[in-house]
Amino acid sequence: MLPRGRPRALGAVALLLVLLLLVGFFLFGGDPECERREPGGKLGAWVYGLRAAASIDEDPHRNHNLSASVLQLPLSPKCELLQVAIVCAGYNSSREVVTLVKSVLFYRKNPLHLHLVTDAVARSILDTLFRTWMVPAMVVSFYDAEELKPLISWIPNKHYSGFYGLMKLVLPSALPLSLARVIVLDTDVTFASDIAELWALFAHFSDEQVIGLVENQSNWYLGNLWKNHRPWPALGRGFNTGVILLRLDQLRQAGWEQMWKPTAKRELLTLSATSLADQDILNAVIKEHPELVQPLPCVWNVQLSDHTLAERCYLEAADLKVIHWNSPKKLRVKNKHAEFFRNLYLTFLGYDGRLLRRELFGCPSQLPPGAEQLQQALAQLDEEDPCFEFQQQQLTMYRVHITFLPHQPPPPRPHDVTLVAQLSMDRFSSHPWASVREGLSWADHPPSPRLQMLEALCRHWPGPMSLALYLTDAEAQQFLHFVETSAVLSARQDVAYHVVYREGSLYPINQLRNVALAQALTPYVFLSDIDFLPAYSLYDYLRASIEQLELGSRRKAALVVPAFETLHYRFSFPTSKAELLALLDEGSLYTFRYHEWPRGHMPTDYARWRQARAPYRVQWAADYEPYVVVPHDCPRYDPRFVGFGWNKVAHIIELDAQEYELLVLPEAFTIHLPHAPSLDISRFRSSPTYRDCLQALKEGFHQDLSRHYGASALKYLTALQQPRSPA
């Protein structure tokens, strides 16, 4: 006789076996169609799985179960080089590419080769960015969009992307003939999975299939969305071209150009233009040649357009592979799960890009140019050295995103001047003076200091500016929002903002200055600091002075702009030299650093300046650090000086060593306004070790001067005798 519990136990075991059989049935062959083979020799289970996941009209629960099995397919070989092509033009599109690439790098396990078809603007931005990003196992190649323009410019296009939206049509001829396969991506997609999973889908193309696409997730190509709505011909709902798999070798053999061109010309006889750029033409070709297309699972292009049906594609977040913001509204598009999608996108938008400089273990790959030398130099540093922090910062390669916002270069003018300065979020967010205007104090206006500081500068300087900003990835997005919501800043297209991404604990002030200086586009530059406001008339006065003094090829000079400061937050800015002198006499203004470091500006000779009516020459002296106007090709700042101390002093020494005259302008002035001391200043004042490390930098600087200029550099030894000289 069996024990009382035995029947219950046997029943439980039997129930468990039944459940396991059912799970196996559904996962590994529950549908009889799974055993069918399709033309081309591929297993019907895979093809059926593709079709179930590709169509948004079928049961999403069924799609979910089948797409889950798709995820378990083997990926491409671990170290296989994956090829990715992107068309990118302009400032905004360049920012989108960065976010896209971040999402790809976050999940990737394979080496990448990016093929970027760009205009001149995007080429300049992205070349600088990827060169300074130094991501291992990633190669970037550029292709000139202007050279491809004649191939597609004959096609009328209503899409907001312009003729760049048609350039994917000519990728088979534009990309190297040695390239057999490529993933083509729109700039407005975000990855939520390893791109190798997408690459692996190439293995399931039949011999005839040359293009992999996801079905269009709206009713656009079905027509009748409104009166007289007439879309281009398409197969059913058509396909979306935000994510494309291209078999380039097969497309070339099939005569791709002889396919799409005649189709486009024929359709344009009855249709005035394309509405969705390359997508319209590709769908018209597929309508004629359906054998060319391999439908991809819909999760590889979840489309968030205004009338999207994408909700039928997925059941949970784990299903998602690629999110496509294919609406002009972008993040403002309305969708049932819009908040989730936005949060995923914003995660990569603010993600620290330096964390993606990770090597692919087990994959031999060539390091980015200069990376090996940097690694060797860093390895030689002694972490126990008291100045290790300074030494490490000097070897840091900062990611640089030039012209972060749309910028309109100034028209060429022979005596034009760009104001050059640098700032960081913490430095320009703590200025209560930022709202100072004519006769008004910050207390009279609710402070929005981040905006108001730059707004005040824009009011004082109507000419071009080149500003380097030291920001984290997240702060860069905050700054973008600040500018876009400021009527003053958004109206100034002649202000170029260049983001240098934060890395390390010391402020790389001279590196920032060099970035801003290199991007100035005028013959002359005014080397200023962000906590100074120039005289309202200074821009016009400088241009007139440069012309009058015949600077340039005839005369090598640095024009000194006398610097003053106020200690009052409530302050009326002077509109003339006479008003400034009155404020100076009444004690509302002082010569700059008069109370802390008079040596820094004493050679300007303020007593002489009071009476001067014409420019006068002054001699260099130890610790002199005036604000100057110089030719754009002047010596760059010495990047070894990070944090606080001697960064401008070293630059003025370099100018003097190269025999620049120092000419003080009699009607020029700029005023420093009060703010809390920076962290670097506080460390300089409180830490003897900090000052010792600065002294070591100064000694190294003089040794380099001596090697370069010989005996003429001996006079600068006196400048080294003051270990506490400021910036």
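This is a predicted model: local features need pLDDT of at least 70, side-chain atom pairs count only at pLDDT 80 or more; totals for chains, interfaces and linings use all residues.

Trainee: How many disulfides does the structure hold, and what pattern do they follow?
Mentor: A pair of cysteine sulfur atoms is taken as a disulfide when the two lie within 2.5 Å. On that basis the structure holds 3 disulfides. With the bonded cysteines counted along the chain, their pattern is 1-4, 2-3, 5-6.

Trainee: Which parts of the chain does the link of Cys-79 and Cys-363 tie together, and how far apart are they in sequence?
Mentor: Cys-79 and Cys-363 are joined by a disulfide with an S to S distance of 2.2 Å, and the angle of -95° about the S-S bond makes this link left-handed. Cys-79 sits in the loop between helix 3 (60–70) and strand 1 (82–88), while Cys-363 sits in the loop between helix 12 (338–349) and helix 13 (371–379), so the parts tied together are separated in sequence by 284 residues.

Trainee: How many residues apart in sequence are the parts tied together by Cys-298 and Cys-313?
Mentor: The disulfide from Cys-298 to Cys-313 has an S to S distance of 2.1 Å, and with 105° about the S-S bond it is right-handed. Cys-298 belongs to the loop between strand 8 (293–295) and strand 9 (302–303), and Cys-313 to the loop between strand 9 and strand 10 (322–324), so the separation in sequence is 15 residues.

Trainee: Are Cys-298 and Cys-313 buried or exposed?
Mentor: Cys-298 has a relative accessibility of 1%, and Cys-313 has a relative accessible area of 6%. Both values fall under the 20% cut-off, so each of these cysteines is buried.

Trainee: Where in the chain do Cys-387 and Cys-693 lie, and how many residues apart are they?
Mentor: These cysteines are joined by a disulfide, Cys-387 to Cys-693, with 2.1 Å from S to S, and the link is left-handed, with -100° about the S-S bond. The pair links distant parts of the chain, since Cys-387 is in the loop between helix 13 and helix 14 (388–394) and Cys-693 is in helix 25 (residues 688–709), and their separation is 306 residues.

Definitions and conventions. Residues are numbered from 1 along each chain as its sequence is written. Side-chain values use heavy atoms; hydrogens and water are left out. Helices (H or I, at least four residues) and strands (E, at least two) are DSSP runs, numbered from the N terminus. Buried means under 20% relative accessible area, exposed over 50%, partly exposed in between (1.4 Å probe, protein chains only).
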